[in-house]
Every structure is written in structure tokens, then in C-alpha cells.
Amino acid sequence: MKKYLLALSLLLAAGAPAQSQVLSVRDQATVINELLVDRFDNLLPVIMQQTGIDMWVVVSREYNEDPVLKTMLPAEWLNARRRTVLVFYRDANSGKVERLAVARYNVGKSITAAWDMKKFPDQWAALVDIIRQRNPNRIALNTSTHFAHADGIDHTEYNELLAALPAELKKRVVSAEPLAVRWLESRTEREMQIYPQLVNATHKIIEEGFSERVITPGITTADDVVWWFRQKIRDLGYDTWFHPSVEIQRTGKGLANAEVIVPGDLLHVDIGITYLRLNTDIQQHAYVLKPGETAAPAALAKAFASANRLQDILTSNFQQGRSGNQVLAAALQQAKAEGINPTIYTHPIGYHGHAAGPAIGMWDMQGGVPGTGDDLLRYKTAYSIELNAAATIPGWKEPVRIMLEEDAYFDESGVRYINGRQKSLFLLPRPAPSVE
């Protein structure tokens with residue numbers, strides 16, 4: 001393994017602070033390109049065979065990039081260049097995948113420029129020539145009804161490409177949806193060596209944000225903490241794919257400023273970071289101790305335990321070949337039988353925060369999600385286990401919802417949390433250690 005990946009593993013094993021885990025921009029580019037080569041060499045041939053697609057054509061214009069193409073560009077390319085056309089052709093006899101760019105330049109070191117501009121001044125004519133020479137059975141384009149990630153070819157490019165194809169080739173055009181989804185959702189062994197660092201960093205950011213270093217009860221507002229998270233993520237050298245949120249649940253007492261955090265509040269955060277093209281999505285809780293308290297109220301602790309149990313129920317129902325809707329229905333039925341009031345809205349995660357792959361509920365679709373919920377679970381994929389369990393607690397604004405979200409990996413051994421999960425409420429301020 002390259003030195004950069006080794007360094008990441010050593011930093012994580014040593015429990016290094018989040019600041020020291022972030023590579024320089026140059027070293028990040030090195031890792032991104034290594035990961036991309038690995039995916040092209042080892043993942044792409046497999047998923048093309050699995051989906052029965054022998055030619056995949058990905059088309060984008062600069063600043064209007066296909067979501068799939070964005071993940072295929074080398075780290076040095078921040079955007080496509082003019083019109084960039086990528087062609088992946090799998091030879092059925094050898095199993096090897098040829099990687100070509102109908103473009104003016106090589107696309108990094110993995111995709112070779114194959115446009116003879118003197119012979120074919122027209123880019124579409126050059127593409128048609130490449131297709132004719134290889135004579136594929138299926139020409140897959142990124143069109144999809146249900147997955148936005150797999151619907152990246154724009155209207156103009158689609159019409160111009162089809163107009164350029166002769167009739168016999170036009171009949172072979174199919175949707176690349178199954179291939180595009182697998183490309184985006186599949187996590188490689190190397191990526192899963194890195195992913196724990198991202199989740200670990202996210203956990204550490206939350207732990208600091210939910211501490212007296214950031215929050216002064218009676219003064220600090222929820223929005224103050226939101227912007228602290230946003231700035232902290234940026235200062236550490238990460239990015240975020242959505243604006244964080246901090247919510248307060250409390251007893252029914254009114255306050256002059258409901259946004260000010262006070263003792264007795266139950267705090268909830270939802271944040272995610274982006275690093276090395278991968279994303280996290282985490283939700284956790286903290287309780288602000290009242291004077292004299294050393295622990296959260298028993299009712300809150302019980303509610304939290306119910307949400308942990310809901311996580312266990314959901315992940316125990318993961319099975320390869322089950323649809324997201326089937327997993328959702330089974331988990332909801334089991335949870336309700338155990339007396340839990342559940343809402344499940346779990347989603348794949350990886351190159352995107354809300355990533356390609358089977359949806360397991362949405363907060364407003366507990367009866368199943370048409371389309372994306374019908375997709376089947378596959379091994380070597382990552383999920384944000386996102387859900388909430390509602391509890392009735394006397395004196396609190398009802399219901400109290402324990403909203404948890406932790407990133408997990410699904411493979412032949414089952415579901416494992418990438419960097420653990422929250423099993424009890426953070427307490428603020430941290431109770432002093434007991435002295436005997």
C-alpha cells in the first residue's frame with residue numbers, strides 16, 4: 001500500500017486529533033488518484049460483467065457535469081473540459097475494460113484520449129467510429145427515472161448523441177442505471193481503510209461542539225453552535241455537503257429566546273463532512289445538566305436505549321437481495337412489536353451524502369419508497385443508519401424524539417458501524433471524575 005494510505009491508518013490507530021489527520025491538498029490528490037485507479041482496474045470490470053453492459057458512454061460539458069463523471073475525473077481536474085466523453089468497453093473474451101476519452105486530452109493516467117481530430121473534426125463522428133469498431137451489444141447512457149445520480153446526461157447531449165448514431169446502433173442504447181448505481185455505491189477495500197478516519201473526525205467534532213468549550217448555558221444559541229460546526233469543519237481542512245443543524249428539545253417551560261441553550265435541554269446535531277471524495281452523515285445528542293445533576297434523567301436514558309435498539313433491529317434485517325422497502329417493512333414491524341415508536345429513513349452514503357442505492361424509508365414515506373426503495377441491497381456498500389424513536393415523557397413537549405444517524409458498512413459478515421456509534425447521551429458540562 002502506498003505511504004499515504006499507511007499514514008492514514010497509523011494516525012487513526014494512534015487516536016491522533018482530527019487536525020493532524022488531514023493530508024495536504026497535494027497528498028489528498030495522490031490518494032484520490034490511487035483510489036480511482038484501483039476502482040477502474042478492479043471494480044469496473046466486475047460491475048460491467050454483473051450488469052451485462054459491455055459499453056458505457058458518459059458525456060458531460062464543463063460546469064454541467066454528470067454526477068458519475070465527477071467521480072471519475074482525476075484530482076487535478078476540478079471540472080470536465082469543454083465536452084468530455086468517456087467510453088468504457090468490456091471485451092467479453094478477455095474480461096478487460098478499455099478506457100477511452102473522446103476528448104482533446106487524456107483524462108488523468110487512467111483514460112486515454114482517442115479523438116483523431118484531423119480524421120474526425122466532429123466529436124460525435126469520432127465517438128460513432130469508436131462504437132462501430134467495437135460493435136457492442138448494449139450502449140449504456142446515464143438515464144434514470146428514479147436515481148438522479150444515474151440520470152446525468154443532459155437533454156442536449158442526449159439528443160445530439162442519438163442523432164449522430166446510425167439506426168442499427170441507436171437500437172442498442174439502454175439505461176446505464178444499474179451500472180451507474182453500482183459504480184457509485186460500491187466501496188472498495190482501500191476506501192474502507194480510509195472511511196473510519198472520516199467518521200472518527202466527525203465524531204470528534206461533535207464531541208467538542210457539545211462541550212463547555214463551545215456552549216455556555218444561558219448564553220450560547222443553537223445557531224451559534226451550528227456556525228461553530230460549520231467553521232470548525234472548514235478550519236480542519238474538510239468540507240461539508242450540507243449546512244449543519246442543531247435542535248433543542250425541552251420541557252414545556254417558555255423562554256424569552258427559545259434558541260438559547262439552557263440547563264435541562266436535549267440537544268441534537270446533524271452534520272457531515274467531505275474528504276477524499278467520501279462523505280459522512282452523523283446525528284447525535286447531548287443533555288445539558290441542571291444544577292445538582294450528574295446524569296441525564298432516567299426517562300431520557302431509556303428513550304436513548306430504545307433508539308439504539310431500533311438501530312439493532314434495522315441492521316439485523318439487512319440481507320443481500322432484499323429490497324430497501326422489504327428491509328423497512330420488516331424492521332418497522334419488529335420495532336412496533338417491541339413497543340418502540342419508530343421512524344426509519346436510512347440511505348446509502350459514499351461519493352454523495354444521500355447516495356445511490358436502495359432507500360430504506362424516508363421520514364414521510366414509512367410505507368415504502370417507490371423506485372429507489374425497490375432497489376436491492378448488495379454487499380460492499382455503506383449506509384447512514386438514520387432513524388428516530390419517539391417517546392412520551394411527562395413534562396416534555398411531546399413526543400421526545402431520539403434522532404440517531406451513524407455510518408455503517410454492509411458486507412458478507414453483516415453490518416458494522418464504521419467508527420462505532422453513540423450509546424449514551426453526551427453530558428454538558430462533563431461531570432467531574434469522582435474522587436475517593
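This is a predicted model: local features need pLDDT of at least 70, side-chain atom pairs count only at pLDDT 80 or more; totals for chains, interfaces and linings use all residues.

Reader: Let us begin with helices α3 and α8. At what angle do they pack?
Author: Helix α3, residues 25–51, and helix α8, residues 177–185, pack at about 145 degrees. Their axes are 10 Å apart.

Reader: Is that crossing left-handed or right-handed?
Author: The crossing of α3 and α8 is right-handed.

Reader: And which residues meet there?
Author: From α3, the residues are Leu36, Arg39, Phe40, Leu43, Leu44, Ile47, Met48, Gln50 and Thr51. From α8, they meet Pro178, Leu179, Arg182, Trp183 and Leu184. By class, this contact has 10 nonpolar, 2 polar and 2 charged residues.

Reader: A change of topic: how many cavities of 30 Å³ or more are found?
Author: A search of the whole structure finds 1 cavity of that size. The volume of the largest cavity is about 60 Å³.

Reader: What lines the largest cavity?
Author: Its lining consists of Ile32, Leu35, Leu36, Arg39, Thr71, Glu191, Leu276, Arg277, Leu278 and Tyr351. Helix α3 provides the largest share, with 4 residues. Leu36 and Arg39 in this lining also belong to the α3 side of the contact with α8.

Reader: How does that lining divide by class?
Author: There are 6 nonpolar, 1 polar and 3 charged residues in the lining.

Reader: You listed Leu276 in the lining. Where is Leu276 found?
Author: Leu276 is in the loop between β9 (274–275) and β10 (278–279). Its phi is near 55 degrees, which is a positive value in a residue other than glycine.

Reader: Now to the strands. How many bridges join β15 to β16?
Author: Strand β15, residues 400–411, is joined to strand β16, residues 414–417, by 4 bridges. The two strands run antiparallel and form a hairpin with 2 residues between them.

Reader: What is the bridge partner of Asp411?
Author: Asp411 has Gly414, in β16, as its bridge partner.

Key: Residues are numbered from 1 along each chain as its sequence is written. Side-chain values use heavy atoms; hydrogens and water are left out. Axes are lines fitted to C-alpha atoms, for helices over the stretch in contact, and angles run from 0 to 180 degrees between N-to-C directions. A crossing is left-handed if the near helix is turned anticlockwise from the far one by less than a right angle, and right-handed if clockwise. Contact means heavy atoms within 4.5 Å. Ala, Val, Leu, Ile, Met, Phe, Trp, Tyr, Cys and Pro count as nonpolar, Asp, Glu, Lys and Arg as charged, and the others, Gly among them, as polar. On a 1 Å grid over the protein atoms alone, a cavity is a set of points where a 1.4 Å probe fits but cannot get out, and a pocket is an open set with protein on both sides within 12 Å along at least five of seven lines; lining residues have an atom within 4 Å of a point. Grid points are joined across faces, edges and corners, and a volume is the space filled by probe spheres set on the points. Two strands pair if DSSP finds at least two bridges between them.
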